[in-house]
Amino acid sequence: MKKTFGGPAIFLDRSDINTDEIIPAKYLTEVTKEALQPYCLEDLKLEGFDPKGEALKSARVVVSRENFGCGSSREHAPWVFEVNEIHTIIAQSYARIFRQNMFNCGMLAIELPKAQLDRLFALQQAGDVEVNVDVEGQKVVARSGQGEEAFPFEISPFDKALVQAGGWVEFADARY
Amino acid sequence: MGKTIAEKIFDAHLRDEPFAGAKVLDIDRVLCHEITTPVAIADLLWRGKDRVFDNTKIKAVIDHVTPSKDSKTALQAKMLRDWARRHQIKDFFDVGHNGVCHALFPEKGYIRPGFTVIMGDSHTCTHGAFGAFAAGVGTTDLEVGILKGVCAFREPATIRVNLVGDLPAGVYAKDVILYVIGQIGVNGATDRVLEFHGLIVEAMSMEARMTLCNMAIEAGGTCGICLPDMTTVDYLWPFIQNDYASREAACEDFRKWHSDPDASYEKVLDFNVSNLEPQVTYGFKPDCVKPVGELAGTAVDQIYIGTCTNGRIEDLRQAAEILKGRKIAESVRGIVSPATPKIFSDALAEGIIQIFMDAGFCVTNPTCGACLGMSNGVLAEGEVCASTSNRNFNGRMGKGGMVHLMSPATAAATAVTGVITDARTLQKSAA
């Protein structure tokens with residue numbers, strides 16, 4: 001199923017946010033994605049962040065720092081975002097498995113250089129940030145009270161093909 | 001220009017390059033456990049694709065929560081069990097025969113030099129100890145692996161880690177890998193292969209090499225890898241003796257998986273381990289590492305010896321050496337989980353289980369157990385655990401709990417005193 005990208009952003013200003021923080025292991029006993037929905041980022045300790053708050057509920061984009069999604073291979077981490085309608089993550093870098101899992105689910109793990117991320121983080125000083133993602137044009141447009149700013153991003157042809165196919169199972173089954 | 005072992009394995013397994021930089025490889029082993037596989041099974045069923053590419057190349061085990069602890073984990077086990085039966089996956093391991101995947105599958109002789117291995121478990125990098133390219137993957141990759149026998153990777157860049165010098169007595173593979181992660185950081189090898197070299201690696205047993213490779217992922221590494229040699233041959237000999245005229249012939253054949261002398265590495269890192277002290281983590285990231293002396297005296301509530309990092313027979317022997325004739329401190333509770341039934345059985349025969357029990361340890365069945373707080377041994381808020389596992393994330397063993405990673409020897413010494421302790425002080429007094 002193809003995903004929709006963009007919307008209100010939530011900012012997690014920390015590096016190395018790991019998969020245990022995204023979805024604690026005790027919820028890995030679930031066998032459906034939907035059952036994970038209430039537990040998104042439950043164990044993340046970050047000043048000003050409330051995993052049960054409105055900001056996360058309305059968010060459609062997560063913006064974070066380096067090495068996002070490190071740790072476990074559990075695809076439950078992208079899934080908990082997926083079932084909360086967060087289909088886009090923007091960070092400086094990702095752990096390999098998490099990043100691959102995002103594209104395998106037909107979602108976007110966008111990488112931006114530090115300087116651009118800094119500017120994106122600065123935008124939130126002027127209020128809520130709305131992010132629009134143009135996958136074809138490889139561009140993120142962020143809008144806040146301060147105005148609008150565009151950030152071009154790189155995406156490999158393979159990752160783009162996975163997003164366009166709606167994920168790796170569809171892509172692989174059609175090809176192999 | 002020569003090639004690294006990872007490049008050679010990629011060349012030998014390349015099925016397709018759908019786009020520049022995306023390598024789709026044929027996979028020799030798709031390994032499964034009951035936490036990440038049932039969702040793949042459910043999705044394949046939902047898509048009307050309940051098939052497996054090759055039921056001899058797929059191996060499955062129930063290991064994270066076993067025997068099942070509640071209705072949900074019973075369902076996960078049942079889904080894997082029913083699927084294995086439906087597709088006649090002969091190598092499926094259930095209660096009574098099951099153990100921690102990264103200890104069990106090598107012990108059964110399933111991994112060979114030059115193999116490609118995937119599993120829905122981040123510590124799959126352990127199998128690189130055999131000179132295989134072994135990577136943890138998510139459930140979707142696992143699903144495609146089960147269905148089609150392929151997986152996609154980027155071209156592997158390799159970081160060569162030269163471990164220089166002699167490892168001091170009382171310092172182990174776990175200390176080495178903790179030190180390396182401390183030096184390069186949790187992001188130091190992201191999307192890279194860590195290739196381990198040096199006389200100390202050559203001198204290591206397969207168990208120790210598995211410990212080394214197991215934690216490559218804690219530096220972000222896709223795979224940790226050791227070059228296959230006579231130690232690899234000796235470990236695998238019961239399984240390969242019909243394939244080779246002699247051990248020497250097997251060893252010679254395995255040499256095709258050695259990196260070439262002129263192979264190109266992204267980075268070469270030298271670490272001298274001659275003066276290395278036992279290492280212990282603090283904080284909530286595996287790169288927060290200090291010599292044991294700097295954390296000595298830190299009180300703990302629980303000791304956990306086991307897991308895919310350090311639940312092998314050699315690990316239990318090292319801990320038992322410290323525990324023999326001693327009791328664990330009254331302030332702590334000790335839990336030991338031999339990683340497989342064979343390890344349990346060998347430990348019984350060697351008297352090691354008795355030593356653990358006499359010391360006051362609770363001996364559990366082979367399972368991942370306390371390591372990720374899913375099963376037994378969960379910590380309460382504010383409790384501290386000295387553990388031979390591989391991950392100290394906040395809340396890992398239970399919400400509000402704290403984990404210090406260390407070697408089995410350090411964990412055993414810590415059990416005896418109730419505070420983080422350099423095992424060498426006890427080894428000396430025992431001598």
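Mentor: Before we start, one term: two strands pair if DSSP finds at least two bridges between them. Keep in mind, too, that this is a predicted model.

Trainee: Okay, so which strand does β9 of chain B join, and through how many bridges?

Mentor: In general, strands of a sheet pair through backbone hydrogen bonds, either parallel or antiparallel. Here, β9 (residues 157-164) of chain B is joined to β10 (residues 192-197) of chain B by six bridges, and the two run parallel. Look for B:N162, for instance: it stands opposite B:H197 in β10(B).

Trainee: What is the order of the strands in the open sheet of chain B?

Mentor: Four strands, in the order β11-β10-β9-β12, with parallel pairing. β11 (223-226) and β12 (267-272) of chain B each have a single partner strand, so they stand at the edges with one side lacking a neighbour in the sheet. On average, neighbouring strands are turned by 25° against each other, ignoring direction.

Trainee: And which helix packs on that sheet?

Mentor: That's α8 (residues 206-214) of chain B, which touches β9, β10 and β11 of chain B. Its direction makes about 150° with that of β11(B).

Trainee: Now helix α2 of chain B: how many of its 10 residues are buried?

Mentor: A handy idea for helices: there are 3.6 residues a turn, so residues three or four places apart point the same way. In α2 (residues 37-46) of chain B, seven of the 10 residues are buried, among them B:V39, B:I41 and B:L44.

Trainee: What covers the buried residues of α2(B)?

Mentor: The cover includes α3 (76-82) of chain A, along with β3 (29-33), α3 (71-86) and α5 (139-148) of chain B. After α2(B) comes B:G48, with a positive phi near 70°.

Definitions and conventions
Residues are numbered from 1 along each chain as its sequence is written. Chains are lettered from A and ligands numbered from 1 in the order in which they are written. This is a predicted model: local features need pLDDT of at least 70, side-chain atom pairs count only at pLDDT 80 or more; totals for chains, interfaces and linings use all residues. Side-chain values use heavy atoms; hydrogens and water are left out. Buried means under 20% relative accessible area, exposed over 50%, partly exposed in between (1.4 Å probe, protein chains only). Contact means heavy atoms within 4.5 Å. Axes are lines fitted to C-alpha atoms, for helices over the stretch in contact, and angles run from 0 to 180 degrees between N-to-C directions.
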